[in-house]
Amino acid sequence: MNPTQAPGTLYLIPVPLGPSPVADNLPPPVLTTIRPLGHFVVEQAKTARAFLKAVGTDLPLQQLQLSELNEHTRADALKELLIPLLAGHDVGLLSEAGCPAVADPGANLVALAQQHGIRVVPLIGPSSLLLALMASGLNGQCFAFHGYLPAKEPERTKALRDLESESRKRRMTQLFIETPYRNRVLFDSLLATCQPETRLCLATDLTLGSEKILTRKIGEWRQQIKKETPPEIERRPTVFLLLA
């Protein structure tokens with residue numbers, strides 16, 4: 001970088017949590033910030049282009065510079081993503097859904113930008129974790145997000161017991177997620193592992209027309225599925241929240 005060239009700004013751009021209009025999820029000042037940008041770092045170029053088309057960028061989509069950053073990106077390739085910023089260009093960082101850098105590989109780029117003294121600006125938009133916490137009725141003063149729990153047994157059961165124990169000791173709400181096609185397996189593990197008085201919230205399809213947020217004690221969930229069909233969470237994005 002030229003010593004006299006000020007670096008650009010890295011904008012962290014939230015993305016709708018599902019197929020809902022961009023204008024329903026992002027306020028006008030955020031859209032105004034996104035539209036002039038010509039450089040973006042995205043998880044998948046195809047879905048990012050669909051989002052940017054809906055936003056209505058000032059440049060034609062074909063002229064936008066999109067670089068991919070996902071779970072396959074090598075650690076030594078991150079520095080290349082800083083090149084436009086160090087050259088003075090503003091860059092937008094997109095996740096596939098929700099807020100970038102939260103349960104998202106974009107966090108690595110944000111860390112590198114901070115190390116280089118690059119200004120990082122988070123923009124307003126939907127966060128599934130905070131929306132779920134707000135509507136759960138669980139403890140919003142003390143909480144922790146754990147990302148994905150182990151997919152296999154006995155590691156998953158041990159993780160759930162540890163989280164429940166920590167929640168009980170600290171009155172801490174525990175948040176975690178799962179790949180949607182494994183939601184029912186995780187739900188069944190929770191019912192089999194946790195104590196009857198522990199509260200469990202399922203926050204599904206947040207911000208969508210099919211949104212459903214239900215908090216019940218584990219014992220109540222057990223009784224409910226004996227009388228009714230199980231909650232419709234299979235293959236639907238869901239945040240799990242637990243408070244012992």
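Me: Which element gives the most to the lining of the largest pocket?

Reply: Helix 6 gives the most, with four residues. Helices (H or I, at least four residues) and strands (E, at least two) are DSSP runs, numbered from the N terminus. The model is predicted, so local features need pLDDT of at least 70 and side-chain atom pairs pLDDT 80 or more, while totals for chains, interfaces and linings use all residues. Residues are numbered from 1 along each chain as its sequence is written, and side-chain values use heavy atoms, without hydrogens and water.

Me: How much space lies in the largest pocket, and how many residues line it?

Reply: A pocket is an open set of points on a 1 Å grid over the protein atoms alone, where a 1.4 Å probe fits, with protein on both sides within 12 Å along at least five of seven lines; lining residues have an atom within 4 Å of a point. Its volume is the space filled by probe spheres set on the points, which are joined across faces, edges and corners. Here the space is about 860 Å³, and 30 residues form the lining. Ala-97, Ala-103, Ser-128, Tyr-148 and Ile-177 lie nearest the centre of the pocket. Helix 6 (128–136), strand 6 (143–148), strand 7 (173–177) and strand 10 (238–243) each give two or more residues to the lining.

Me: How do the residues of that lining divide?

Reply: There are 20 nonpolar, five polar and five charged residues. Ala, Val, Leu, Ile, Met, Phe, Trp, Tyr, Cys and Pro count as nonpolar, Asp, Glu, Lys and Arg as charged, and the others, Gly among them, as polar.

Me: How many salt bridges does the structure hold?

Reply: A salt bridge is a side-chain nitrogen of Lys or Arg within 4 Å of a carboxyl oxygen of Asp or Glu. The structure holds ten. In one of them, Arg-74 and Asp-76 have their closest N and O atoms 2.8 Å apart. Asp-205, Glu-232 and Arg-236 are linked in a network of such bridges.

Me: Where do Asp-162 and Lys-158 lie?

Reply: Both belong to helix 7 (residues 155–170), four residues apart, or about one turn of the helix.

Me: Is Lys-158 buried or exposed?

Reply: Buried means under 20% relative accessible area, exposed over 50%, and partly exposed in between, with a 1.4 Å probe and protein chains only. Lys-158 is exposed at 54%, whereas Asp-162 is partly exposed at 42%. Arg-184, at 28%, is partly exposed, and so is Asp-188, at 33%.

Me: What is the order of the open sheet of five strands?

Reply: Strands of a sheet pair through backbone hydrogen bonds, either parallel or antiparallel. Two strands count as paired if DSSP finds at least two bridges between them. The order here is 3-2-4-1-5, with parallel pairing. Strand 3 (65–68) and strand 5 (119–122) are the edges; each has a single partner strand, so one side of each lacks a neighbour in the sheet. Strand 2 (residues 39–42) and strand 4 (residues 91–94) share three bridges, and His-39 has Val-91 as its bridge partner.

Me: Which way do strand 8 and strand 9 run?

Reply: They run antiparallel, joined by six bridges, with Leu-200 opposite Arg-216. Strand 8 also pairs antiparallel with strand 10 over six bridges, where Leu-202 stands opposite Phe-240. Five of the six residues of strand 8 (residues 199–204) are buried, so this strand is largely enclosed by the rest of the structure.
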